[in-house]
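Dear colleague,

Please find below the structure that I am passing on to you. My notes on it follow.

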Amino acid sequence: MINGSSRSYARIFINKFSRDHLAVAGGVIVIVLFIVAIFAPFLAPYDPAMINTKNILAEPSLSHLCGTDDLGRDVFSRMLYGARISLTVGFVAIGIAILIGVIIGASAGYFGGWVDDVLMRFVDLMLTIPTFFLILAVIAFMEPSIYNIMVVIGITGWMSVARLVRAEFLSLKTHEFVAAAKALGVSNIMIIIKHILPNSMSPVLVSATLGIGGAILTESALSFLGIGVQPPTPSWGNMLTLGKDNIEFAWWLSVYPGLAIFITVMGYNLLGEGIRDALDPRIN
Amino acid sequence: MSVYVIKRTLMMVPMMIGITMISFLIIHLAPGDPTEMLTDLNPHSSAESLKKLRELYNLDKPLAFQYFLWVKDIAILDFGTSFSQDARPVIDKISERIPITLLINALSLIIIIVIAIPIGVVSATKQYSLFDKASSIFVFFGFSMPTFWLALLLMILFGVILGWFPISGITSFNHDQLTPFYKLVDYVKHLFMPVLVSALTGLAGLSRFTRQNMLEVILQDYIVTARAKGLSERRVIYKHAMKNALLPVITIMALSLPGLIGGSVIFESIYSIPGMGQLFFQSVMSRDYPVIMGVLVIGSFLTLVANLLADITYAFVDPRITYD
């Protein structure tokens, strides 16, 4: 019975999702990105680090699809490798954000009372500090590296997840299955993890998908400013720094890596919105 | 009402204490003594600047005492002096940078409101129309567009290809020789792109928010009543529905401020605008800690004030809500 109903629930989801062309397009973009990131060494026509001083700032052509940069490196190959950075940062940063958000949101929603008050005031506080300022300040005191970037984006981006999880917990904890678990003597921690959390995951899934897009935007902005992923490691953001430096004579350095960021973020946004609509029983 | 205003204003005190605590903890984020890391990372930092840092943040004293001493100073706006060559008081450096940042943010906020609200209202009243679909696509573009990429593209278009607008700074070289009118023109030309970029990034969020609110309000009973009374559709939408749909916009504007202020780092460094964002970025690059802490605290304080104003405005314009 339970199996049957959950299967049909999944079928409804898949049905609704596959009818939403934009959502499917978003899913395709994300899958293609994964393939690109995983198989970058096989797909890249050139070594992304190979310097060729005889062919610097070459316009896009058949041999260099997106041109070359100021050191004669192939922009297209570097973009393929850049996909790895974006994916890694996106997933790890949002993973951290969700972990913190779930812990804080679940505690606030489940325990209520002063725990809720204190934690939610903390959320308000974090939302008051301009996030980008906070991220930059933290990085100023640490070393700019891909690991620090992921952690910083994570610890400054959990607040909306916490609010969502709290709201879910507030409504779910009044349900009978929670009272039943309590009557059976199940500990609070187990009720939170095994009984309520799995039921509150769908809004978190949506917010995570949208959040990955946001994290990629933040990482690329930081790398663009020179305080994110450090050259020579190619990231779409630090490739755009070269675009700015050569803005008057090499438009391709500004256009293509930015387009990659734009399409990627768009893919996650479309996918996230699609999942939201497909999970929403009010929308048919 | 006045009781509410006083209470709400007093609530800023614990918030401010919280903000200073978080900011203060950042100084201690670095593993070990922050001054050690300073020497590792920044070979230029002299023994003298190390000593200054220790003195400024009293790093040899107990943690709670350090915090107390720091807060005591910033309560009278003493953020210490900059580590850079000029060694000027941090508060002077910041306050001369605030007006231009506020000006750009205020201009872009006005543009956002003037454009986003009509888009949201019209797409809600004509749901699923061509306009609604077009604006949804626009919203998706806006959400996915990296600010700095947009800035670069506009620089290429308006600066390099068309040559209409200068691509950096806020004044031309010959600014001082210009007549007052052309001085103004000069400012407008320089600010055009930064304001446009700043506004475009905020447009998507607000127009979508307005649309959703409008859609919800249209379903309310009082709208049905207004229609049943035989009011014209124009009157129903623009008088009865819009008033209520726009109330939460006040709050959302205030909530979007941290994003706008934070975003100023990006466009101010791209367009070389001497505002708070650029100062902050330069300080991060040169590890000018007193300035970093100062901008962080003052930037957060500005958002707190904006939130306060939004809440008070809300209380004044929405008679349904009573506060005690």
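**Notes on the structure**

Pro232(A) sits in the loop that joins α11 to α12 (236-245) in chain A. The model is a predicted one. The peptide bond leading from Pro231(A) into Pro232(A) is cis, and its omega is near 10°. As background, most peptide bonds are trans, and most residues other than glycine have a negative phi.

Leu77(B), not a glycine, has a positive phi of about 60°. Its place is the loop between α5 (63-75) and α6 of chain B, and it counts as partly exposed because its relative accessibility is 47%. Tyr128(B) is likewise not a glycine and has a positive phi, of about 70°. Tyr128(B) belongs to the loop between α7 and α8 (130-144) of chain B, and with a relative accessible area of 61% it is exposed. Arg287(B), which follows α13(B), also has a positive phi, near 50°.

The two chains meet in an interface formed by 44 residues of chain A and 48 residues of chain B. The area buried between them is about 4,200 Å², and carbon and sulfur atoms give 83% of this area. On the side of chain A, the residues that lose the most area to chain B are Phe133(A), Phe141(A) and Phe262(A), which together make up 20% of what that side buries.

One helix pair links the two chains. Helix α6 (residues 131-141) of chain A packs with helix α13 (residues 276-286) of chain B at an angle of about 20°, the axes being 9 Å apart. Angles under 35 degrees count as roughly parallel, and α6(A) and α13(B) are therefore roughly parallel to each other. Their crossing is left-handed. From α6(A), Phe133(A), Leu136(A), Ala137(A) and Ala140(A) meet Met276(B), Phe280(B) and Val284(B) of α13(B). The residues of this contact comprise 7 nonpolar, no polar and no charged.

How many of the residues of α13(B) are buried? The helix is mostly covered, with 8 of its 11 residues buried; among them are Gly277(B), Gln278(B), Leu279(B) and Phe281(B). The buried residues of α13(B) pack against α6 and α11 (201-225) of chain A, and also against α6 (90-95), α7 (98-125), α12 (233-270) and α14 (289-317) of chain B.

A further helix pair lies within chain A. The axes of α2 (residues 21-38) and α13 (residues 251-279) of chain A come within 7 Å and cross at roughly 130°, and the two helices are therefore oblique to each other. The crossing of α2(A) and α13(A) is left-handed. Residues making the contact include Gly26(A), Gly27(A) and Val30(A) of α2(A), and Gly267(A), Leu271(A) and Gly274(A) of α13(A). The residues of this contact divide into 10 nonpolar, 5 polar and no charged.

His64(A) is located between α3 (40-43) and α4 (75-111) of chain A, and it counts as buried because its relative accessibility is 9%. Leaving aside residues up to four places away in sequence, His64(A) touches Tyr46(A), Asn55(A), Glu59(A) and Asp74(A). Gln177(B), in the loop between α9 (147-161) and α10 (180-218) of chain B, is exposed, with a relative accessible area of 66%. From C-alpha to C-alpha, Gln177(B) and Leu63(B) are 54 Å apart in space, and they are 114 residues apart in sequence.

With kind regards

How values were computed. Residues are numbered from 1 along each chain as its sequence is written. Chains are lettered from A and ligands numbered from 1 in the order in which they are written. This is a predicted model: local features need pLDDT of at least 70, side-chain atom pairs count only at pLDDT 80 or more; totals for chains, interfaces and linings use all residues. Side-chain values use heavy atoms; hydrogens and water are left out. Axes are lines fitted to C-alpha atoms, for helices over the stretch in contact, and angles run from 0 to 180 degrees between N-to-C directions. Helices (H or I, at least four residues) and strands (E, at least two) are DSSP runs, numbered from the N terminus. Angles under 35 degrees count as roughly parallel, over 145 as roughly antiparallel, 65 to 115 as roughly perpendicular and the rest as oblique. A crossing is left-handed if the near helix is turned anticlockwise from the far one by less than a right angle, and right-handed if clockwise. Contact means heavy atoms within 4.5 Å. Ala, Val, Leu, Ile, Met, Phe, Trp, Tyr, Cys and Pro count as nonpolar, Asp, Glu, Lys and Arg as charged, and the others, Gly among them, as polar. Buried means under 20% relative accessible area, exposed over 50%, partly exposed in between (1.4 Å probe, protein chains only). Buried area is the accessible area (1.4 Å probe) that two parts lose on being put together, summed over both.
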